[in-house]
Amino acid sequence: VLHYEISLPGWSGPELTIAHISDLHVHGSLPRSYYLSVMERVNRAEPDLVFITGDMVTNAENSVMLPELLGRLRGRLGVYAILGNHDYWADGPRVASAVRDSGVTLLHNGCQRLAIDHQQHVVISGCEDPWNAVRWHAPEAQSRDVVLVLAHTADNIYRLSRAGVAAVFAGHYHAGQVRLPLLGPLIVPSVYGRRFDRGHFVVDGTHLFVSSGVGSGHPPVRIYCQPDILMVRIRRA
């Protein structure tokens with residue numbers, strides 16, 4: 001569990017804690033108890049918001065596990081998710097239906113405006129580009145709104161930053177899944193190579209948080225590359 005604290009110039013509300021998980025890749029190579037322990041660790045932190053940034057499953061048949069797993073997540077102000085490339089490749093509509101059955105708010109490339117208190121609002125936007133056939137467009141936000149984006153891949157960061165987004169939450173890379181001491185990841189599926197492999201970055205004033213993911217793709221192995229849960233606390237400048 002990795003903890004971050006950031007201050008935003010436009011933030012006037014109370015402290016806000018966001019739990020961020022990504023790339024569950026639910027499949028039979030990991031036991032059900034592993035995924036349950038992830039949900040328990042998220043809930044133990046008592047976050048205000050929970051963000052899930054795609055790749056829920058590797059294969060469509062594993063989507064039947066999502067309502068039980070994701071349905072356990074608790075965020076005081078809600079749990080929000082988007083789909084990733086593997087979700088679309090497996091069976092996008094089937095995975096989306098399973099996510100909704102869990103009670104999680106599935107954004108796709110849409111958005112929701114949420115009141116934090118009487119004066120502070122956030123706009124939570126999903127960005128599934130380039131896999132969603134509908135392209136992402138900057139949400140309509142009021143002058144004092146803070147825009148937070150769930151994007152499966154951090155490759156979208158420069159476009160999102162130009163749109164005035166305050167913070168972006170992403171996954172997709174698995175931090176390389178295989179990392180060598182001193183050298184880092186061998187392969188990162190990004191147009192920017194290893195630039196945003198994992199962790200916290202600030203890109204032209206926009207905060208970017210990239211999760212290493214919870215599960216793994218094929219092959220189902222991680223070497224020197226721990227799975228993670230990100231806890232991000234937003235406070236006043």
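Me: Buried means under 20% relative accessible area, exposed means over 50%, and partly exposed is what lies in between, with a 1.4 Å probe and protein chains only; is His172 buried or exposed?
Reply: This is a predicted model, in which local features need pLDDT of at least 70 and side-chain atom pairs count only at pLDDT 80 or more, while totals for chains, interfaces and linings use all residues. Residues are numbered from 1 along each chain as its sequence is written, and side-chain values use heavy atoms, with hydrogens and water left out. His172 lies in the loop between β9 and β10, and it has a positive phi of about 75 degrees although it is not a glycine. Its relative accessible area is 13%, so His172 is buried.

Me: How many helices and strands are there in the protein chain?
Reply: Helices (H or I, at least four residues) and strands (E, at least two) are DSSP runs, numbered from the N terminus. Counted in this way, the protein chain has four helices and 14 strands.

Me: What radius of gyration does the protein chain have?
Reply: The radius of gyration is taken over C-alpha atoms, and the globule rule is 2.2 Å times the number of residues to the power 0.38. With 237 residues, a compact globule would come out near 18 Å, and the value for this chain agrees with that. The C-alpha atoms fill a box of roughly 45 × 40 × 35 Å along the principal axes, and the radius of gyration of the protein chain is 17 Å.

Me: Which strands stand at the edges of the open sheet of six strands?
Reply: Two strands pair if DSSP finds at least two bridges between them, and the open sheet has the order β1-β14-β2-β3-β4-β5, with mixed pairing. An edge strand has a single partner, so one side of it is left without a neighbour in the sheet, and this holds for β1 (2-8) and β5 (105-106).

Me: Which residue in β3 is the bridge partner of His20?
Reply: Strand β2 (residues 16-21) and strand β3 (residues 49-53) pair in the parallel sense over four bridges. For His20, the bridge partner in β3 is Phe51.

Me: Which residue forms a salt bridge with Glu5?
Reply: Side chains of opposite charge can pair when their charged atoms come close. A salt bridge is a side-chain nitrogen of Lys or Arg within 4 Å of a carboxyl oxygen of Asp or Glu, and for Glu5 the closest N and O atoms are 2.7 Å apart, in a pair with Arg235. That partner lies in strand β14 (residues 230-236) and Glu5 in strand β1, so the pair ties together parts that are 230 residues apart in sequence; the partner of Glu5 is Arg235.

Me: Where does the partner of Asp129 in its salt bridge lie?
Reply: Asp129 forms a salt bridge with Arg159, the closest N and O atoms being 2.6 Å apart. The pair links distant parts of the chain, 30 residues apart, with Asp129 in the loop between β7 and β8. Asp129 is buried at 1% relative accessibility, and it is joined to Pro130 by a cis peptide bond. Arg159 is partly exposed at 25% and lies in helix α4 (residues 157-162).

Me: With which residues is Ser63 in contact, leaving aside its neighbours within four places in sequence?
Reply: Ser63 sits in the loop between β3 and α2 (66-70) and is buried, with a relative accessible area of 3%. Contact means heavy atoms within 4.5 Å, and the residues in contact with Ser63 are Val57, Arg94, Val95 and Ala98.

Me: Is Glu46 buried or exposed?
Reply: Glu46 lies in the loop between α1 (32-44) and β3, and its phi is near 50 degrees, a positive value in a residue other than glycine. With a relative accessible area of 66%, Glu46 is exposed.
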